[in-house]
Amino acid sequence: MDAAARPPLAPALDRIRVGSAPDSWGVWFADDPAQVPWERFLDEVAEAGYEWIELGPYGYLPTDPARLRDETGRRGLRVSAGTVFTALHRGPAVWEETWEQVSRVAALTRAMGAHHLVVIPSFWRDDRTAEVIESPELTAEQWRHLNTGMERLAERVLGTYGLSIAVHPHADTHIDTETHVERFLDATDPGLVNLCLDTGHYAYCGGDSVKLIKTYGERIDYLHLKQVDPAVLADVLGQGLPFGPAVQRGVMCEPPRGVPALEPVLAAAQGLGVDLFAIVEQDMYPCPPDRPLPIARRTRAFLRSCGA
């Protein structure tokens, strides 16, 4: 084949650092017999070609920093971020409890050399039973608590652990739709509070990731790469299903089979001119133990074809 006939190479996305997470191996909880053992996750995520991982639920991976550094290091892996869930919309009464669990995760995250803490608002459904436990809409007072609480958390996490927080819009939480995300961003200090844009959750809730990057690019601090199967999503929304059962139906699918298309998302992120982690997260809880690795290999190959 002569040079003129060769397909053009994808532009190099040299500001994008690709990784994966326990979520892509069907891990949602620190300890659950439906999940693969942590050793297998580490072995397979390295085998699939990733160098960066997240910690996942606190307690799934070893929490002793020395042991975790040994286990990740000998597999050629590094940690990009830790993750916490918070219910700051409930006001000052939950602050001490929140800080206690944030401190554990932040300390391990810092010890692993990472600089990001992904913060997910609490679900308004129970994460195991899908029972509705709160209204999906916040009152004006609850919005104030959420906004000021996130700013307080960001300031303290930065001052104590040197980490920046990236708030993660998520289905079945109070920061989900384009309207809620924009309201949150407009009401919080851009010098403190940034966003983890999860392309799958944002599409699940009707948002446009490329538009968000172009409109609020200075607030995008971290990416989760995920796609939604539009046919399954239409069925899920039509039936009003909770997120957990939606995942079991396969609403989050293997790239590039779903939406949004990741090529323009990655191009828009590259255009911000800053270094960004882009962590693959394909929700598959629960899943057969042999399912994740082949998908992870194909997904890594697909992202390389995109230039990442």
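**Figure 1. Ala-81 is a buried residue of the predicted model**. Ala-81 is found in strand 3. This residue counts as buried because its relative accessibility is 0%, and buried means under 20%. Leaving aside neighbours within four places in sequence, Ala-81 is in contact with Ile-53, Glu-54, Leu-55, Thr-109, Ala-114, His-116, Val-118 and Tyr-222. Met-112 is 31 residues from Ala-81 along the chain, and the C-alpha atoms of these two residues are separated by 8.9 Å.

**Figure 2. Strand 7 is joined to strand 10**. Strand 7 (residues 220-225) and strand 10 (residues 276-280) run parallel and are joined by three bridges. His-224 has Ile-279, in strand 10, as its bridge partner.

**Figure 3. The second largest pocket is lined by nonpolar, polar and charged residues**. The space in this pocket is about 170 Å³. Its lining is formed by Trp-124, Arg-125, Ala-171, Asp-172, Asp-176, Thr-177, Tyr-204, Cys-205, Leu-237 and Leu-241. Of these lining residues, six are nonpolar, one is polar and three are charged.

Methods. Residues numbered from 1 in each chain as written. Predicted model: local features only at pLDDT ≥ 70, side-chain atom pairs only at ≥ 80, totals over all residues. Heavy atoms only, no water. 1 Å grid on protein atoms, 1.4 Å probe; cavity = no way out; pocket = protein on both sides within 12 Å on 5 of 7 lines; lining within 4 Å. Points joined across faces, edges and corners; volume = space filled by probe spheres on them. Nonpolar A, V, L, I, M, F, W, Y, C, P; charged D, E, K, R; others polar. Pairing = 2+ DSSP bridges. Helix = DSSP H or I, 4+ residues; strand = E, 2+ residues; numbered from the N terminus. Buried < 20%, exposed > 50% of the residue type's maximum accessible area, 1.4 Å probe, protein only. Contact = heavy atoms within 4.5 Å.
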